[in-house]
Each structure stands twice: as C-alpha cells, then as structure tokens.
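Please work through each task before reading its solution.

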Amino acid sequence: MSQILATYQAPWGTTLKVVSLFSTLLMVAIATLGLAGLTSARGDLMWGLSMIVLPLAIVLGAAAFMIRGYVLTPDHLTVKRFGWVTPIDLRQLTFAEADPTAMVGSLKLFGNGGLFSVTGLFRNAKLGNYRAYATHLNRCVILRFKHRVIVVTPDHPEDLVNQLQMLIHP
C-alpha cells in the first residue's frame with residue numbers, strides 16, 4: 001500500500017443538498033403511492049411493485065456512488081465511495097488547478113447530475129469532455145492528463161493542488 005500524503009473530505013454544496021433531498025422525497029412519495037396502490041382491492045401487482053421497487057432502487061443505486069472523500073498517495077488519487085473506491089492514476093498528470101467555475105455550463109453526457117453526487121461524463125466549453133467526481137460545484141480541482149480531464153471537489157482545493165504540483169514537479 002502506498003504512503004498516504006493527504007486525505008480530503010467531500011463536502012456537499014447547497015445544490016447537491018437540495019437536489020438530493022427533493023429527489024429522495026419524490027422517490028419515497030412514489031414508492032408510498034405504489035404501496036397504497038398495491039394494497040388497494042383494484043391494485044395491479046406488477047404496476048404496484050414497479051412503483052415501489054424502481055424508485056427505491058434509484059435512491060439506493062445513487063447512494064452507492066456517493067462520493068465520501070479523496071485519498072492522495074504518490075501515484076493515485078482515490079475517490080472513496082460506500083464499500084468501494086475509484087482510483088485515479090496520477091502518473092500521467094500534467095497539470096492541476098483549482099477553479100470554482102470549472103463545471104459552469106456543463107452538459108451531462110452520462111451519469112448522475114445531483115442525487116448524492118455529481119458523477120459521470122460531462123462536457124462544457126472550458127474543459128471539453130471530462131469526468132466528474134463532485135459534491136460541491138464551487139470547490140472544483142481540474143486534473144489534466146494527456147488524453148483526459150477529471151474534476152474533483154475536495155474540502156480544501158488549494159491544498160490538493162499544492163500537493164499535486166509537488167508530485168508533478170518534484
């Protein structure tokens with residue numbers, strides 16, 4: 001196991017809190033309506049079950065991909081999730097910068113746009129196509145590699161950038 005250089009929390013921004021709360025309440029309401037329909041005398045079993053299972057599966061599935069924090073080692077930035085991690089190999093990292101506007105104007109190509117995290121493939125004019133592992137859209141750190149761009153959102157963006165600059169330029 002590599003030496004841990006730093007660990008960072010993944011704080012939630014206001015937008016993520018509001019979207020997650022609203023979406024979770026909506027999914028629970030749909031499941032409750034499904035349960036009510038399932039128990040009614042005229043309830044369709046398949047319709048009722050889908051109204052219960054699908055909304056709850058969406059919430060639980062999104063929760064599994066929630067970003068819990070980041071761990072920096074000399075070779076990797078590890079994105080902590082519930083029960084698993086996503087390693088980002090830093091050996092080909094060419095540049096890192098903190099930019100609170102990095103994700104402004106982004107279009108989600110594939111992924112989750114706000115239920116417990118903002119993760120997946122995105123595109124905007126500033127970065128082109130990029131992958132995001134985000135929870136607070138004003139704490140962005142842009143990681144530029146030769147053939148890809150990644151955005152993360154640690155609690156201390158400038159500290160992460162300083163640590164990464166020392167790895168890029170020892």
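**Exercise 1.** Which residue of β7 stands opposite Lys 108?

*Solution.* Step 1: Lys 108 faces Phe 122 in β7. Step 2: β6 pairs with strand β7 (residues 118–124) in the antiparallel sense, over six bridges. Strands here are DSSP runs (E, at least two residues), helices are runs of H or I with at least four residues, and both are numbered from the N terminus. Two strands count as paired if DSSP finds at least two bridges between them.

The model is predicted: local features need pLDDT of at least 70, side-chain atom pairs count only at pLDDT 80 or more, and totals for chains, interfaces and linings use all residues. Residues are numbered from 1 along each chain as its sequence is written, and side-chain values use heavy atoms, leaving out hydrogens and water.

**Exercise 2.** Determine the order of the six-stranded open sheet and its edges.

*Solution.* Step 1: the order is β5-β9-β10-β8-β7-β6, with mixed pairing. Step 2: β5 (93–98) and β6 (107–113) each have a single partner strand, so they stand at the edges, and one side of each lacks a neighbour in the sheet. Step 3: from one strand to the next, the twist averages 20 degrees.

**Exercise 3.** What is the order of the four-stranded open sheet?

*Solution.* Step 1: the order is β1-β2-β3-β4, with antiparallel pairing. Step 2: β1 (6–9) and β4 (85–89) are the edge strands, each with a single partner strand. Step 3: four bridges join β1 to β2 (residues 69–72), and Gln 9 has Gly 69 in β2 as its bridge partner.

Conventions. Axes fitted to C-alpha atoms, helices over the stretch in contact; angles between N-to-C directions.
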